[in-house]
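Visitor: Could you help me read some features of a protein model? I'd like to start with charges and rings.

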Amino acid sequence: MNRQIPPKKNGGSRFPARKSRPCLFLLGAGVLLLGLIFTHAHVRRHSDISSIHRLATVVEKLELTDLALFTEARYTRHPSQADLYSAFQDHPTSLEHFPMGSIAAPSAALRRLHGKVD
Amino acid sequence: MARWIEKYRSILDFTLSSLVRRKGKNLSLLVVYVLVVFMLGSAMFLTEAMKREASLVLKGAPEMVIQRLLQGRYDPIPMSYLEKIRGIRGVISAEPRLWGYIYDSAIGANYTLMVPRNVALPSGEIMIGNGISRRRMIYSKDMMSFNLSNGSSRVFTVRDVISPESELVSADLVLLSEGDFREIFELPSTHATDLVVKIRNPKELVTVAKKVMELLPDTRPIIRDEMVRTYDSVFDWRGGIVTVLLMMALLAFVILAWEKASGLSADEKREIGILKAIGWETSDVIAVKAYEGLLISFFSFTVGILLAYGHVFFFSAALFAPAMKGWSVLYPDFRITPFVDPYQVAVLFFLTVVPYTVATIVPSWRAAIVDPDSVMRS
């Protein structure tokens, strides 16, 4: 199993270069790049945090409750303010038909609060 | 120690040669593996970043919003409720909030009309979100008309476009004066859309909410924590149909990995037989197979995660945009801030590398215990 390393001739190897060398290099590069993700994320988070704070100020000033992400329907525009029957807004037996409804799960917190009110 | 390292480095050399010999099979596995990590990683990075950003942005949201429920749905709330709420111990202030939706048939979009209490706007002037401005190509000093509830229409002057930096929360906003708002919706001055309440001690929020429900049984208080948790729920990658789709993709991948690892070709069997015949131990053959799996896993995982990171944080998750936008006509143009922590990477690792390893370990062991004599004779 243990390969004897052959003597070098004229400064070069008698056999082709070992495949493990570039592989180990790539493994190291991969670990380094994974580490760089965290470094980059940290740096950008640091630079973005002031704009996030400015957004929070706009939210506070205008007394907003939701993000303007899903503007397709009134109950997807303000999911935190939507009522319990969001899925049945248009007809008592109609199921949710907006694409956003298949991504989002209903809020457990709202359901709990409704439980006390209803 | 040096001998031990040299032994395993030689096994690594042999493993690499073996992988290169079957490059077609291994490359296809690598591509599928990278795609699985990429999709799962993109979904996880996006949802986690949005969830964290929402929680930071909504820190400025009202502490409590009180809606009135009528026939199970929310309805304009009488201003007379304000005094009752202000009388509850612990409440600093209670103010009316005016907002509603209007449909613009010109572009088929819903706008959110809102009266800002802290910005004084003269009658006939509005401020619009950057999403509306971009979509309608309307800018400062331009005119914009809305249909009133009575069927007539009214023209407004755009005083300003809300800063594009705040598009995430204001893309579809139209800010206008109270008089104009009440005129558009014919909302009497005795009613508001809902009420915003400030509490002296945040710990008393739930107690005050209970008191509001006792005092005004037809109301529904929504506290800020619930608004934030709504977004936790919306962007929970473990919830919704995303999980189902990702689980199906993972299952398909595990089946593929199992098939690739268990379907040993005649060449591979003969190779293992020869290795064992010339003195390789079962543990060495298992080491070769384990190295194969680990190398493929590591490179696929690294490439997949790097691609996912680039996709979400450099290209704003462009591939997911159709799903995120849905039928929305107005969609905010915003840059996603990377909130990435080792926990997410560890979860991703366990969701991809572990199923692959489990799917390949049994076939590897079966390959390693093969009888060299029977293999070489077959």
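Predicted model: local features only at pLDDT ≥ 70, side-chain atom pairs only at ≥ 80, totals over all residues.

Visitor: What sits over the ring of B:Phe14?

Guide: A charge sits over a ring if NZ of Lys or CZ of Arg is within 6 Å of the ring centre and within 35 degrees of the ring normal. Here, the charged end of B:Arg21 is over the ring of B:Phe14, 5.8 Å from its centre. Residues are numbered from 1 along each chain as its sequence is written, chains are lettered from A and ligands numbered from 1 in the order in which they are written, and side-chain values use heavy atoms, with hydrogens and water left out.

Visitor: How do I read two rings together?

Guide: You describe a pair of aromatic rings by the distance of the centres and the angle of the planes. Rings of Phe, Tyr and Trp (its six-membered ring) pair if their centres lie within 6.5 Å; planes under 30 degrees apart are stacked, over 60 edge-to-face, and the rest tilted. That rule gives 19 aromatic pairs over all chains. Take B:Phe45 and B:Phe313: their centres are 6.0 Å apart and their planes at 40°, so this pair is tilted.

Visitor: Where in chain B do B:Phe45 and B:Phe313 lie?

Guide: Helices here are DSSP runs (H or I, at least four residues), numbered from the N terminus. B:Phe45 is in helix α2 (residues 23-57) and B:Phe313 in helix α11 (residues 282-313), so the pair ties together parts 268 residues apart in sequence. The two also belong to one aromatic cluster with B:Tyr309 and B:Phe314.

Visitor: Is B:Phe45 buried or exposed?

Guide: Buried means under 20% relative accessible area, exposed over 50%, partly exposed in between (1.4 Å probe, protein chains only). B:Phe45 is buried, at 0%, and B:Phe313 is buried too, at 2%.

Visitor: How many salt bridges are there between chain A and chain B?

Guide: A salt bridge is a side-chain nitrogen of Lys or Arg within 4 Å of a carboxyl oxygen of Asp or Glu. The count between chain A and chain B is 6. One of them pairs A:Arg18 with B:Asp13, whose closest N and O atoms are 2.7 Å apart.

Terms used: Helix = DSSP H or I, 4+ residues; strand = E, 2+ residues; numbered from the N terminus.
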